[in-house]
Amino acid sequence: IIVEKVPLLLLSAGAAVATLLAQGQYVGSGEELSLPDRLTNAVLSYVAYVRQTFWPAGLIPFYPHRQNAVPAAGVVMAIGLLAVITALAIVWRRKRPYVFVGWFWYLGMLVPVIGIVQVGWQARADRYTYLPAIGLYIALTWTIGDVVKNRRRWQRVTAAAAVISIAGFAAAAFAQTSYWRNSERLWSHTLAVTPENDVALNNLGIVLLAQGRSAEALQRFEAALRLRPGNVPAHTNMANILLARGDTSSAVMHLRDALALEPGDRDAGDLMGVVLLRQGDVRAAVEQWTRTLIAQPDDGNALSNLAWVYATSPDATIRDGAKAVELAAKAFQFSGRKNALVLRTLAAAYAEAGRFDEANAAARAALSLAREQNNAGLVAELQATIRLYEQRLPLRDNSLAQRTAN
């Protein structure tokens with residue numbers, strides 16, 4: 001019985017390791033949760049999941065971690081409740097073995113996702129209950145079956161209660177899915193349930209920013225940072241808005257905060273490189289994108305930006321045709337081979353490396369994509385660069401020369 005489970009245990013262990021590796025950037029980051037906080041959250045989550053299974057109200061896509069804000073009395077009550085149920089399951093293990101099996105199924109299956117090893121900043125997640133809740137259903141269903149056995153009247157009552165319960169859960173599911181109609185409704189609902197939710201504030205800000213409501217978006221990002229100053233995406237989103245408003249110095253402050261918290265964050269790293277380029281410090285921008293690629297080798301933006309500088313900088317001490325081709329080719333691969341701007345960069349890299357036939361072919365492919373996308377500005381630019389490549393001349397970005405000199 002044990003040996004036959006070994007392959008399944010090995011598969012589970014492999015999945016656990018894969019999860020930790022994939023989510024490694026979130027484990028042990030700037031604000032690592034203490035063990036007491038994680039244990040407290042685990043106890044409360046066990047109780048919360050039971051409540052949500054049988055009373056699915058207030059469900060949201062992200063539950064913020066409360067850390068030290070949990071009253072001690074609530075923790076004690078949760079521990080007491082779990083201890084009582086566990087003791088009853090053990091005492092009844094012979095008389096009602098289904099309670100023992102169901103309860104320990106629930107407890108055991110939640111262990112990998114209960115938050116003792118923290119992955120991400122959520123306190124809990126509804127998706128974690130799909131399989132563990134089966135144990136609760138086993139315990140409840142077999143208990144009811146035992147109670148109403150040989151009691152015809154109770155069987156009728158139980159059947160009626162089952163129909164009512166199914167109808168109630170169906171109505172609750174219908175209401176819940178309505179919150180997912182669009183992102184603004186979803187995150188607004190999340191904030192209605194948990195007003196102090198920095199992730200929801202940041203995500204709602206992203207939605208508002210996409211709608212052109214930058215002032216409202218800025219308010220959400222500021223509120224998110226007041227709740228959790230370590231919210232890296234909120235820092236980066238703030239920087240984007242501040243840059244658009246021309247407040248470069250404030251944007252740089254937020255980007256530095258973001259990179260101090262998460263040195264490998266690709267969004268903050270990419271944007272910091274752009275800011276440094278705007279400020280005229282090309283070499284610092286190159287260094288920033290290089291650091292980003294060390295942490296995130298598949299960052300297409302950093303790859304493309306670096307390749308462009310290496311290919312087109314008027315400063316011969318910065319240019320590196322071979323390196324530009326290597327980086328641009330990777331960026332082109334990661335882009336899905338359908339990005340006109342990345343193709344333009346690859347063409348410039350080929351030209352700097354003296355591979356003008358390939359530069360011409362890449363530029364013409366980019367021109368075709370730009371026409372398909374009705375990008376008139378890029379079409380005109382590519383037509384001019386194609387003429388350069390036909391004359392076997394490399395491209396130089398004069399704006400980089402001006403910024404280097406500043």
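## Salt bridges

A search of the whole structure finds 16 salt bridges, where a salt bridge is a side-chain nitrogen of Lys or Arg within 4 Å of a carboxyl oxygen of Asp or Glu. The model is predicted, so local features need pLDDT of at least 70 and side-chain atom pairs count only at pLDDT 80 or more, while totals for chains, interfaces and linings use all residues. Residues are numbered from 1 along each chain as its sequence is written, and side-chain values use heavy atoms, with hydrogens and water left out.

## Two of the pairs

Arg344 forms a salt bridge with Glu381, with the closest N and O atoms 2.8 Å apart. This pair links distant parts of the chain, since Arg344 lies in helix H16 (residues 340–352) and Glu381 in helix H18 (residues 376–390), 37 residues apart; helices are DSSP runs of H or I with at least four residues, numbered from the N terminus. Arg344 counts as buried at 16% relative accessibility, whereas Glu381 is partly exposed at 30% (buried means under 20% relative accessible area, exposed over 50%, partly exposed in between, with a 1.4 Å probe and protein chains only).

Lys323 and Glu326 also form a salt bridge, at 3.9 Å between the closest N and O atoms, and they are 3 residues apart in helix H15 (residues 321–334), which means a separation of about one helical turn.

## Packing of H12 and H13

Helix H12 (residues 266–278) packs against helix H13 (residues 282–295) at an angle of about 170 degrees, with the axes 7 Å apart; axes are lines fitted to C-alpha atoms over the stretch in contact, and angles run from 0 to 180 degrees between N-to-C directions. H12 and H13 are therefore roughly antiparallel to each other, a term for angles over 145 degrees.

Notes: Helix = DSSP H or I, 4+ residues; strand = E, 2+ residues; numbered from the N terminus. Parallel < 35°, antiparallel > 145°, perpendicular 65-115°, else oblique.
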